[in-house]
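I opened the model today to look up its overall form, its secondary structure and a few single residues. My entries follow in the order in which I made them.

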Amino acid sequence: MRNPNAALIPCHICNAEISRKAPKCPSCGTVTRYQAAAQRWSAVFILVLLGFALFAWYGLEQRKQAARNDANRALQRLNSAAKSAENALDAFNSP
Ligand SMILES: [Zn+2]
């Protein structure tokens, strides 16, 4: 069995015994190292998440741009095909 006292740590400011997982020291009100670390890790986590979101968004934009380029090239090919068809038709219709 775990000793519940093992979860008690001294406050790094006032030295009062506080729970390791307490967000604040009940004696002096300072934010505990555990809480500070938890806040640091949530900040890191959020930054990583934002990084991934940005990366995914950038990839999506790249693919959209590539699709637009493909569509433009296809349209150009269609236009030139239509022009040569028109020219062929003109040549056919002219006496
Ligand atoms: Zn304290």
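I take the radius of gyration over C-alpha atoms, and for the globule rule I use 2.2 Å times the number of residues to the power 0.38. By that rule a compact globule of 95 residues would have a radius of gyration near 12 Å, but the chain has 34 Å. I then looked up the extent of the C-alpha trace, which spans about 105 × 30 × 10 Å along its principal axes.

Before going further I noted that this is a predicted model, in which local features need pLDDT of at least 70 and side-chain atom pairs count only at pLDDT 80 or more, while totals for chains, interfaces and linings use all residues. Residues are numbered from 1 along each chain as its sequence is written.

Confidence came next, with pLDDT being the predictor's confidence in each residue, from 0 to 100. The chain averages a pLDDT of 90, and 94% of the residues score at least 70. Among the elements, helix 1 has the highest mean pLDDT (95), whereas strand 1 (residues 8-10) has the lowest (89).

For secondary structure I use DSSP runs numbered from the N terminus, with helices being H or I of at least four residues and strands being E of at least two.

How far does helix 1 reach from its first C-alpha to its last? Helix 1 (residues 33-93) has 61 residues and reaches 88 Å, close to the 90 Å expected at 1.5 Å a residue, where the expected span is 1.5 Å times one less than the number of residues.

I call a residue buried if 20 or more other C-beta atoms lie within 10 Å of its own, exposed if 12 or fewer, and partly exposed in between, with C-beta atoms placed from the backbone. Helix 1 is hardly covered, since the count of buried residues among its 61 residues is zero, and in the chain buried residues make up 3% of the 95 residues.

I count a contact where two C-beta atoms, placed from the backbone, lie within 7 Å. Of the contacts in the chain with a separation of 6 or more, residues 24 or more positions apart account for 0%.

I turned to the strands. L8 lies in strand 1 and counts as partly exposed, with 13 C-beta neighbours inside 10 Å. Not counting residues up to four places away in sequence, L8 touches E17, I18, S19 and R20; the C-alpha atoms of L8 and R20, 12 residues apart along the chain, are separated by 5.4 Å.

S19, in strand 2, is also partly exposed, with 14 C-beta neighbours inside 10 Å. Leaving aside neighbours within four places in sequence, S19 is in contact with A7 and L8, and S19 lies 6.2 Å from I9, C-alpha to C-alpha.

Last, I looked at N15, in the loop between strand 1 and strand 2 (17-19). N15 has a positive phi of about 75° although it is not a glycine, and N15 is exposed, with 11 other C-beta atoms within 10 Å.
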